[in-house]
Amino acid sequence: MEKELKKKIEELEKQKNEYLAGWQRAKADFLNFKKDEAERFKKILEYASEDLILEILPVLDNFEKAEKEISKNKENSNYLNGFLNIKLQLKNILTNRGIEELLSISQKFDPNIHDAVEIIEDKNGNTGEILEEVQKGYKLNGKVIRPAKVKVIK
Amino acid sequence: MSKILGIDLGTTFSAMAVIESGEPKIIENKEGARTTPSVVAITKNNERLVGVLAKRQQITNPTNTVFSVKRLIGRRFSDKEVQKDKKLLPYEIRESSDQGIEIKMGDKWLKPIEISAQILQKLKQDAEEKLGEKIDEAIITCPAYFDDSQRKATKVSGEIAGFKVRRVINEPTAAALAYGLTKKKNQQIIIYDFGGGTFDISILDVAEDTVEVKATGGNTHLGGDDFDQKIMDWVVDKFKEDQGIDLSKDPLALQRIKEAAEKAKIELSTSMETEINLPFVTSNASGPKHLLYKLNRVQLENLVADFISESIDLVKKTLAEANFKVSDIEEIVLVGGQTRMPKIREEIKKLFNKEPCKEINPDEVVAIGAAIEGGILQGEVKDVLLLDVTPLSLGIETLGQVNTVLISKNTTVPTSKTQVFSTAADSQPSVEIHVLQGERPMAQDNKTLGRFMLDGIAPAPRGTPQIEVIFDIDANGILNVSAKDKATGKEQSIRIEGSCGVSKEEVEKMKKEAEIHAEEDKKRQELIEAKNLADGLVYTTEKLLKESGDKFDPEAKKEIEEKVEELKKVKDSDSMEDIKKRTEELSQVAQKAGADLYKKEQEKKPEENEQEKKPEENEQEKKPEEGEYKEKENK
């Protein structure tokens, strides 16, 4: 009878210690989690504007397309000036938020910052060099948020 | 103890997760994304690229960029599937010496396991970097229809990548694990996995200690990408009709249309209508052309109706093969991004007459399940620590028949919440605690869980007594509500069982009703708040007049009394405008009178101070005169 009780007590002691350790660990995990959350918040604030900017960049892209087309006709020069001013306004807002253009034309294709959409035969060109930029690429506070879409020489 | 990495090694995308603090968490890769393209490439400079970098240079290097290697792993070259896929792959494959497959990469021939290993290796490195610790063990998932050879190959890939692969588990089982469905025994579950490139159906039978795959089905070449293609075709056809230009011949326009099509498809899962807007999409002799079309949800559903009905037919076929009836299925789990489409969810609900499990991100659910399996193996996920949540909010009824929530829905239990309330009327001798469950702001629209009274409250002006109400839910979902009068120490409580055991259907129904009535509920709540505010103001103003009325200017006092009467007249009406207006008026008049009262008190005291000030003032007045005089001299 006594032996059984002793065994039971041992078992319960073991279980108690396990539960206590688990409880302490859960508490520690929670406190560590809070610290990690603070770090995460910092990161989020840093890149919080990234999603919004990614949604706005296509608008800037379209302004640039419009610019190319409208500038074909000299008669449009005053309309073009108006457009360019609006485009500049948009660009300034983005620049103030930490947006920088990525270099493409004549650069060597680099998958870290370029996304190849077409390869072009060009006997005069160097293989792997970027011939044309189809869509600009941008980085935000040093991080590439959208690679440039480019045509690469075969 | 190092963590076990749960890996969803997908055909087009892979994802990974670990257990952190008892909860599964998706790990982002080095590029900051939660999923990694299952693409591997070798560049002309013999540089190895994995993931999104490999994808970006795919067009410049099609013969050395390997994707969808999962279609080849563990198979024989002579397999019918392989011969079919071979036609669609731009990279070269051949039969290996052991009737397996070899893939040409650069100047080497690699086995599919070596390619998968490269993907796994990148995931390992990125996970170790993100977590700041070494990861040696992994759980990798594979389709339920993989045979022994394919499973072994998956395991070996993991080993080549440097993992000790604890288990290779079925993707549908991982999905079921993620939803905790393997806890309940004797359940039949169907997994509906609609990804980017493949559609997989699995029927599982959860028995005492095992999860058995009863049947599998699907279409290995049907996915969300096909939906995008339908939208693209629609746009191109429309443009041809409207403008006479065939954009399918223009690769760049096509690229823009493809992106816009996918974006539109995704938007239509949450909006009823969207726009496909591509200014300057092309130009010809007559100038630039713009593309601007509206696409609504019904139109999209019509475009892809065949795909959706095919998927439902395949479900029925797979059920028949397992010898199950639709009614045998207890749970449906949705996996894969395409299952976000409302029409698909609707069709599934229609077929099975129940709500599917869809709360976990469908792109991540398999990786999460794999992580949970890892946690179970490590003992981190103890059964007793798998915690529940309250599916619906819990609260009590307060002044104005309002539902005041103490524990909001989806709170993890066990938990406890305390709030101090008070009486609504002077000398109120008791309070009734009416315990409510639900999301509606008005008490009557929610479910009554219980009621009890706390009496013996000492007579006091309204708002003075302090009644502490505690809501406590234990790990078994038993709710204890207690109310204690802090002054007298009197306490009453009630014990309610099964507050967590609400069926999924009921939860959905209540949430839907709350949404539908949200507008009118909001208006009613604002009206109640305005009335309560008016009531409170009338009470405090009348009290003030009673106690200090004689201190007021008789004119002001009369004005206040008038305003109180006006407010009293409207506060029981239902016109929020009137109530707010009269409340404002009374508030202003009372405040002004109050301010005047204080000013009068202030004016009585400092007469001595004024006399002391005067000599100082005189001095100050002198100085500027002296200054002026001096300056004039200098000039």
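Student: Into which domains is chain A divided?

Tutor: In this predicted model, chain A is divided into domain 1 (1-47), domain 2 (55-97) and domain 3 (100-154). The C-alpha centres of domain 2 of chain A and domain 3 of chain A are 21 Å apart.

Student: How do you know which residues of chain A are in contact with chain B?

Tutor: Two residues are in contact if their C-beta atoms lie within 7 Å. By that criterion, 18 residues of chain A are in contact with 14 residues of chain B. On the side of chain A that touches chain B, α1 (2-47), α2 (49-70) and β2 (114-120) each supply at least two residues. The largest share, six residues, comes from β2(A). By class, this side of chain A has 10 nonpolar, three polar and five charged residues.

Student: What makes a set of residues a nonpolar core, and which residues have the most contacts inside the largest one?

Tutor: The members must be buried residues of the nonpolar kinds, joined through C-beta atoms within 7 Å. The largest such core has 83 residues, and B:I7 and B:V333 have the most contacts inside it. This core draws at least three residues from each of domain 1 (4-179) and domain 2 (191-359) of chain B. Another core, of 22 residues, lies apart from it and includes B:F227, B:V235, B:V236 and B:F239.

Student: Which residues is B:I7 in contact with, leaving aside its neighbours within four places in sequence?

Tutor: Among them are B:M16, B:L120, B:L123, B:I139, B:I140 and B:A370. B:S14 and B:T141 are also in contact with B:I7.

Technical notes. Residues numbered from 1 in each chain as written. Chains lettered and ligands numbered in written order. Predicted model: local features only at pLDDT ≥ 70, side-chain atom pairs only at ≥ 80, totals over all residues. Buried ≥ 20, exposed ≤ 12 C-beta atoms within 10 Å, placed from the backbone. Domains from an automatic or database assignment. Helix = DSSP H or I, 4+ residues; strand = E, 2+ residues; numbered from the N terminus. Nonpolar A, V, L, I, M, F, W, Y, C, P; charged D, E, K, R; others polar.
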